[in-house]
Each structure stands twice: as structure tokens, then as C-alpha cells.
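Student: I am new to this structure. Please show it to me, and let us go through it by question and answer.

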Amino acid sequence: MASTPIEQYAFLSDGQTGALVSEAGSIDWLCFPRFDSEALFTALLGTEEHGRWLMAPRDGTLLSRTYRGDTFILDSEWETPTGKVTITEFMPINVGEMTSSDLVRTATCTEGTVEIVHDLRFRFNYGASVPWVERAELHGQPCLTAIAGPTAIHLVGPLPDPKGYSHGGTFTLGEGEAESWHMLWSPSYEPAPQLDSIDMLETVTEANWSSWASRIDAEGPYADEIVRSLLILRSLTDTKTGGIVAAATTSLPEEFGGSRNWDYRYTWLRDSSLTIEALVAHGFTDGARAWRDWLLRAIAGDSHSLRIMYGLGGERHLPEFELDHLPGYENSAPVRIGNGAAGQFQGDVVGEVMIALDKLRKAGVADDHRSWALQKELLIFAEENLDRKEHGIWEMRGDLHYFTHSRVMIWAAFDRAIKAVEDHGFDGPVDHWKALRARLADEIEEKGWNDEINSYTQTYGSTEVDASLLQLPQVGYLDYNDPRMLSTMAKIEEDLVDDQGFLHRYRTQSGKDGLTGNEYPFLICTFWLVEQWAKTGREAVAKDLMDRLVGVASPPGLLAEEYSPAHGRLAGNYPQAFSHLGLIRAADSFGTKQS
């Protein structure tokens, strides 16, 4: 059975976890209570037998499906042969004493009569476990309770009937009538969760999202896309810890039917740092503090064994394993949980962190004594590992190399430390840092530049280029219009841009990544190309490519990691923070925001 195209999914979030709901009305992915928890609906990576919750009008035609304003409340308008219905779905934002993880679906008949059909299949442990389901009561209201191991799910509302290992039912609504279904998570060994008014939950949730979005400073031709992208970044953020997941899913493939399938439900230092930059660029310094505080907590006590990613709470151990019972999206196996790249050394991350904290300083967010002390420890880590080969920004699993992009990012780390001393009065061995910065610059020009191809290279001594080289002017290593950058851009266009104008990360045929198969163009890389063109007087072609990129987003405005022009489909994990970070930078290149 073919998988539902990724772009047909909308995303719901409560600031702790998220759900994917298809245009057919099926919730095919949901992890409670955190993004990285075990899924209880896993049809996304298999079939309906791996868990889903279908709720849709019988014989319905979907007329429209949009987020309500600047929120993640989803309103879907349906028409049937006998009437019309609006289905509203959202995950209540947890504020104050409200600590449950839950999801609400409401059907309101607006014309004639409609029949609402349910097909509910609880499958815990990523579709491997069928829970014990029974009718019970939750605070005096009838409910279905599903229990397996540590997890309990409670469904309140008109109850579907058991049908083997699933539950189904049809509920008829007349004009003006509405019914709601409220699904709540709780530990199976604790008292049942609080049951709040659905109207109140909806009002609080709408106000919370809208209030947050109202403070965003966005302008230019892509202001709406900037606002939605910043909202997506917030939706991928754990409001308790401040950690942002790279994406809400695992194992959505980089090549349909391939094995490049990874778990992105963790927090990369790189993504968190870039998020800080995006928030600061749009006047959201208060919001950026949460990400900074997460960084400080995660790295604290760990600066000499720095990791590239952590769990949402700062957990360090994220072992990778495979789920053999799942066939994978579009039969792309294996399905992986955890991420073995967590133990890799990637030299660029110190630079990413230092750049982000420099942006915060410039925006008026003062460092405290702990923040600056930790930054100095990071520079010690960078110096101790200065001659160490690594895996690079793309987490390659082949041989180790000196990646030019990473060497530039280490250069940027020392550059920002020097600026902290000279411009902001912090203490530090500035002359020593200047010497290290100069050494790196000389080395990059000697070993990271290749006269034969007239370009900077992916790794020292090679003739391959890499889309990450487009970040060199972004971090101030050289100007966008520097002749070396322009010739590097030309080489990247020659080697990595496909016939539709989309950009690959690197040539997988080179064999450096140690993986089999190929991958589709990466969206963040293509956004970087837009930025480079826009900054170098090629506004018309930049605008054309930007419009095409915005056009490949799903109808609700969500981007995955990649896009396949050949298939006309999004690919990779979804929604993807990295892609939306690239969109924000590219959009700003047409306006007045500074990179």
C-alpha cells in the first residue's frame, strides 16, 4: 500500500509533542507525552494496523483545511451528499496547572445532516503492542481507557464500539449540532488526568498561539511565511525544557524506498543556535532566552566532551536501534529509533553556539557569569580538538576528514570570542584567540581552497564541493561578493543544482558519507542559494527560486527536509526545523534584516 504523501499532513502541537493528521482525517503519528516518546499511532511508518485514529464524514469531500490565524488549531470544511461539517482539531497548550497531554477533535454540522465515521486503532510501542481497552469513567464521564505498561490513554466523548482489535462507530449530526472527542494521556500508575472544559481549552490555546505570534517582527514580501516558520519552530519546542527537536518524526526517508532514515526527535546544538539567531532577527529576544538557557543546561558539565545533540531535557545517551516490525514509509527500511550520530565529533557546533550567543549580546541580552564562563570552556574544547578530523555538518558515517565548513565555523568561534572581549568588555586571552583565528584562516586558504576547480572544497585536498560552503559569508568569513565566494558559488551551481534549480548537499556518488543509496535536494541548502543570489545582485533569479521553494510547502505551510522534483513530493522528516530556518534567512535577504 502506498504511503500518504507527506505534504498531505497537517501538524498539531501542544509545545510538548505533536500529531500528524492527513487530509483524509487520519491521525497517523502521535507520541505521548513528549516528541521522543513511543508512538501510539504509527500508521505513518506502516499501515493502519500499526495504529491510527480516522475521523471524517462519510462520503465527504474536503473543501478547505487551514490553521485558524496564527495558531495550530486546524479547521477543516467538508461537504457530503447530505450536508456540510467543520472538523476542528487541536492539542491544548499546557499553561498554569494544566499539565496533561491531550488532543481534541470536534465536529460541527453547519448544513443538513452528516455522519461522522471513526476508525480508532490503539497500538502502543510504535505499533507493536495492542493495549487492554475497556469502557470506564473519567471524572463521572464515560470513556474508553487503553492501558499497556506505563501508558494510559483515555477517550471521552461519544464512544465507538469494539471491532476486534479496533474501535469504530458512526455518529449522526444535524444542522447546528456538534460533538467532541477528547483524548488524554496519563501514566497508567497515576490518578486519571484532569478533565477541563473543551471550550476553555480551545480559548486558551488560541490566545496562547496568537499572543506569541503577535510579537513577531516580520516584514517584506515573505512576512507571512516568516511568521508561520517561527510558529513552527515554537511548535517543535518543548515548553518545559526549551529544547527544540529537529523534526517531529523519525525515519521519513531521504530517498523513497531507501535506507537513509533517521530519528530527528532530538535537540541539535546547531538547530538550537540557528533558532536563537532567527528569533533575535525578528525581535524575539525574550523567546530566545529559553533556547539559550537550554543550551547552557545541556552543555554544563559537558563542555570537554561536547555532543552535537541531546535529548529534550539535555539527555546525552541516545542509542540507535531498529524496529523490524515496521515496513517504513514507502517501504523505506529500517525504521530507526535513537540516533547514533549523537556520538560524532562535528567541529562546527562550537561556532554555531558562539555565533548565536554573540547575536544575543548584540540584541541586548546580557551574558551572566555562567554563560561567559561556559563559552570560554567551549573555546578550550575547540582548541583541544583543533587537529581532530571529524564527520562534518551532514553527519557522514564514512571516513573522517577536515571539512572546510567546520574549519570556518571554528574560525568563527574564536572570532566571536574576540569580539566579546573587544566590544563588550569580557575577560579572556584575546591575543591567543587572535593567533588561533589567524592560524585557521591561513590553513583554510591553503588547504580548503583548490586552484584546479577555482573553489573552496568540501574537505581539505579534495575536488568536491558542498552546499555548506554557502555559509562562509553568512558567518562573516568573507563577503558574499568576494571573488572566491562567487567562483565557489558557480562551482556549487555546476555540480549540485539539479535541472529544476534545487540544490543537493553534496554528490553522494563521491562515497564520502559511507552510506548506500542517494538522496533528494535539501531545502535548507536551496534556501542558502537563494540568499547568496539575493546578496550578490541576482535578485530576479533569487526571487524565482524562492517562490518555487515556498510553493513546495504543504497546504498548511509546512516543509520537510527535502523535496524530490522528479516525484513532485516532499521527503525526509516533517515538519523540519532546519528547512524553516533556511526559509527565514532567505526571506530576510529580500528585506531589511541583517544576516
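Student: Which residues are linked in a network of salt bridges?
Tutor: This is a predicted model: local features need pLDDT of at least 70, side-chain atom pairs count only at pLDDT 80 or more, and totals for chains, interfaces and linings use all residues. Residues are numbered from 1 along each chain as its sequence is written, and side-chain values use heavy atoms, leaving out hydrogens and water. A salt bridge is a side-chain nitrogen of Lys or Arg within 4 Å of a carboxyl oxygen of Asp or Glu. The network is made up of Asp-358, Lys-362, Asp-415, Arg-416, Lys-419 and Arg-437.

Student: How many residues of α6 are buried?
Tutor: Helices are DSSP runs (H or I, at least four residues), and strands are E runs of at least two, numbered from the N terminus. Helix α6 covers residues 348-362. Buried means under 20% relative accessible area, exposed over 50%, partly exposed in between (1.4 Å probe, protein chains only). The rest of the structure largely encloses α6, because the buried residues number 14 of the 15.

Student: How many residues apart in sequence are the parts that Glu-202 and Arg-68 tie together?
Tutor: The side chains of Glu-202 and Arg-68 meet in a salt bridge at 2.8 Å, N to O. Glu-202 lies in helix α2 and Arg-68 in the loop between β6 (61-67) and β7 (74-80), so the parts tied together are apart in sequence by 134 residues.

Student: Is Glu-202 buried or exposed?
Tutor: Its relative accessibility is 18%. Glu-202 therefore counts as buried.

Technical notes: The expected span of a helix is 1.5 Å times one less than its number of residues.
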